[in-house]
Amino acid sequence: MTTSTMYALAAAVVLILTVGGGVGLAVLFRLTNQLVVGDGRLPRVVPERVVVPTEPMALLRWRREQDEERMAVARRVAAYRSGATVLVVLAALTAFEYVMNLVGISVFGLFVIALVKAAIIVHYFMHVATVFAAGDGH
Amino acid sequence: MSGAASAHGEYRVALRNNRLGLWLFFLSESFLFSGLLVTRFYLWGNTRPELNQLNGLLVTGVLLLSSFTMNRAETALVQNDRKTFLNCLLLTVALGTLFLAGVVVFEWSGHIRPSDGAYGAVLFGMTGMHALHVVSGIVFILIVWNNGRRGIYSSEQHWGVEACAIWWHYVDLVWVFFYPALYLMGQAVQ
């Protein structure tokens, strides 16, 4: 095998790995996104068959139901996204804490990071504001 | 006032009282954990025993993730997504058990024993008390999961789920302070 053939083969392998890896990562990110910030379910491979009614009143009702469903999904996704954002921030702060300790941060610095993490948990996960809120819902 | 409106009003009052009661309980619990933290700083000073750093980081990550799944379970119930609610509760139990295994199997079977003076006493005292709370949280979640499976909770009325979620986040909150106190702060000594 000549050198140029070897170079060509190596380039092809690198190209295939890059494209394949990119596509693989994109699929992985898409699935992770669906699971973490989506509605918690994997996307359907075959889309559900939609039957649109032809009768005017039924069509109106169908459209209203579709709108309500879309809004419910949007609300659900927004609620899930908020939890995922808090998780990412807390994970980043934990990693920061770990790395800063390797660098040589003071005890006071570590305590401040822990306080910030605690405040985030108390506010976003434990909903401390509801104890004093005027509203009575969950 | 109709019967339904009256019942709803009673639930609202009960909810407010329950929340206040739970937070007062947390306040009393915080004295216990603060006492353990003060003991750590009094007895260990600016030192700490040599612990498995990777294990500490991993169990912290697992507990953090379990807090997320618990939050997701609660959110799912509010959004009437019952399947995600039940699945996320089970996932939280699994992650909580993994955290326990990380602490009990790897940390407790390390080179430090409870009888190893101040280091052993404080390490086992802090992790043991926290582990006890994790176990009670797991039992609590399993009870809530069973109730949820039977359809006891609704998106409007689910104090049991809310209390369980807040309890689990409290367990995570305590670890937020325990992790740096045990694994990061001070000079490691053999």
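## A histidine in chain B

Let's start with one residue: the side chains of H169(B) and S67(B) are joined by a polar contact of 3.0 Å (a pair of N or O atoms within 3.5 Å, where within protein one must be able to donate a hydrogen and the other to accept it, and residues adjacent in sequence count only if both atoms are side-chain atoms). H169(B) sits in helix 5 of chain B, residues 159–184; helices are DSSP runs of H or I with at least four residues, numbered from the N terminus.

H169(B) is buried, at 0% relative accessible area (buried means under 20%, with a 1.4 Å probe and protein chains only). Leaving out residues up to four places away in sequence, H169(B) touches residues including I121(A), F125(A) and M126(A), as well as M70(B) and N71(B); contact means heavy atoms within 4.5 Å.

## The nonpolar core

The largest nonpolar core has 77 residues, and F85(B) and W175(B) have the most contacts inside it. Such a core is a set of buried Ala, Val, Leu, Ile, Met, Phe, Trp, Tyr and Cys residues joined through side-chain atoms within 4.5 Å. Helix 5 of chain B gives the largest share of this core, 21 residues.

## How confident is the model?

This is a predicted model, in which local features need pLDDT of at least 70, side-chain atom pairs count only at pLDDT 80 or more, and totals for chains, interfaces and linings use all residues. Residues are numbered from 1 along each chain as its sequence is written, chains are lettered from A, and side-chain values use heavy atoms, without hydrogens and water.

Chain A averages a pLDDT of 83, on the predictor's confidence scale for each residue from 0 to 100.

How values were computed
Helices (H or I, at least four residues) and strands (E, at least two) are DSSP runs, numbered from the N terminus. Buried means under 20% relative accessible area, exposed over 50%, partly exposed in between (1.4 Å probe, protein chains only).
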